[in-house]
Amino acid sequence: MQYNVIVIGSGPGGYVAAIRCAQLGMKVAIIEKYNTLGGTCLNVGCIPSKALLDSSEHFHNAAHTFKEHGIDISEPKANIKQMITRKAGVVKANVEGIAFLMKKNKIEVHTGVGSFVDKNTIKVTSADGKEATITGEKIIIATGSKPTALPFAPFDKKRIISSTEALELQEIPKHLIIIGGGVIGMELGSVYARIGSKVSVVEYLDSLVPTMDSTMGKELQKATKKLGMEFYLGHKVTAVENKGKEVVLKAEPRAGGASIELKGDYCLVCVGRRPYTDGLGLDKVGIELDKGKVIVDDHLKTKVDNIYAIGDVVRGAMLAHKAEEEGVLVAEQIAGQKPHINYLLIPGVVYTWPEVASVGYTEEQLKEQGRAYKTGSFPYKALGRARASMDLDGLVKVLADKTTDEILGIHIIGARAADMIAAGVVAMEYRASAEDVSRMSHAHPTYMEAVKEACLAATANRPIHL
């Protein structure tokens with residue numbers, strides 16, 4: 001079995017790369033170790049977590065806002081098993097959709113673990129031990145990542161769990177302890193806080209979602225405190241122990257002071273993810289790793305001239321849409337085209353409610369660079385649309401060059417921020433100034449008016465509605 005391109009891994013990066021290669025006339029194979037396509041994102045990541053986030057938000061609204069909207073119902077009860085069942089249905093529909101796209105694009109799927117024999121030959125070992133070899137002119141490594149465990153608290157998948165197990169719980173935790181206040185910890189924490197769990201978040205750094213602009217972390221903490229979430233920022237976890245029916249966590253403040261002890265029925269560890277290259281046999285072809293990540297050049301090519309790597313296994317943010325863009329870039333390069341990716345303009349999103357979304361530079365990065373900038377912000381509470389929907393938490397923050405007014409960063413926390421950030425990406429791709437955006441007509445009443453008003457604030461400190 002000979003192919004123009006073999007893709008190892010069927011997550012967003014892998015399957016998009018395969019589809020784009022097929023669209024460009026190549027004969028393509030994709031290798032996936034599991035029985036379903038879609039990788040972490042579709043099976044145990046982006047899609048199932050959003051399904052649970054939506055279900056828990058519906059429950060929260062039924063319990064807390066329906067009455068004010070004039071909707072009278074008896075007290076709702078959270079049925080976690082049905083939520084998990086619905087989530088499974090959403091996942092099934094999505095992974096079946098990827099399988100359909102493989103057939104539509106005549107991409108051959110090989111199920112099993114792919115490993116290098118040489119730079120053109122891949123051995124595929126199925127779950128029952130059967131082996132087959134396939135050859136390809138070009139190989140794309142897209143094997144994704146796995147949750148990182150703490151060395152003193154390995155996942156036991158019962159009480160000390162990763163995000164994978166958190167998406168399958170059959171009971172609502174009484175007290176869920178979360179290590180890590182980043183994207184995954186905050187999303188899953190908000191799911192369980194909404195449906196009745198006590199949630200405690202222990203974060204080593206002094207801010208939630210620390211890779212984002214610090215204003216976003218502060219505002220997210222304010223909003224999620226209303227769900228009853230507790231936060232221990234600036235704390236280093238020193239011990240986690242499964243005691244049978246409970247987990248005991250010990251932590252100490254980084255700045256010094258009294259240590260704390262938390263007891264809960266589950267401890268969710270969300271301290272990051274590690275690139276997954278297990279079993280690939282990279283040593284067979286001389287491909288090297290740097291801190292676990294495959295080393296690639298600016299064209300995502302490894303030191304072996306026909307082998308590329310994309311997504312979570314290479315440098316950069318571990319985001320599904322980043323992996324997709326890299327998959328397209330590699331496919332088009334193989335076809336002789338000259339695509340590019342502006343990594344600064346790959347947005348990041350936290351799907352809590354309010355949502356958090358960001359693109360471009362943070363204020364901290366601009367200060368570090370010594371770049372002269374100006375800032376403008378506008379709160380959701382001043383928006384007619386936000387008042388109508390009772391989504392008053394949040395703001396839009398715009399950073400612009402002090403001299404040229406070019407937009408350098410847009411940071412949003414609030415309802416529909418995940419969708420709104422695309423407008424920021426478009427503006428920055430075309431190097432728009434804050435004044436450019438402020439002079440464009442924005443429909444009323446919409447959440448996007450907050451972006452216009454923040455741009456007005458950045459341009460001339462003259463928002464209309466504040």
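This is a predicted model: local features need pLDDT of at least 70, side-chain atom pairs count only at pLDDT 80 or more; totals for chains, interfaces and linings use all residues.
Local features were considered at pLDDT of at least 70 and side-chain atom pairs only at pLDDT 80 or more, whereas totals for chains, interfaces and linings use all residues. Residues are numbered from 1 along each chain as its sequence is written, and side-chain values use heavy atoms, with hydrogens and water left out.

Helix α6 comprises the twelve residues 183-194 and reaches 17 Å from its first C-alpha to its last, close to the 16 Å expected at 1.5 Å a residue, the expected span being 1.5 Å times one less than the number of residues; helices are DSSP runs (H or I, at least four residues) and strands likewise (E, at least two), numbered from the N terminus. Ten of the twelve residues in α6 are buried (under 20% relative accessible area, with exposed meaning over 50% and partly exposed in between, for a 1.4 Å probe and protein chains only).

The structure holds 22 salt bridges, each defined as a side-chain nitrogen of Lys or Arg within 4 Å of a carboxyl oxygen of Asp or Glu. One of them joins the side chains of E187 and K50 at 3.2 Å, N to O; E187 lies in α6 and K50 in helix α3 (residues 46-64), so the pair ties together parts that are 137 residues apart in sequence.

In helix α7 (residues 214-225), K222 and E219 lie three residues apart, about one turn of the helix, and form a salt bridge, with K222 exposed at 52% and E219 buried at 18%. K397 forms a further salt bridge with E363, the closest N and O atoms being 2.5 Å apart.
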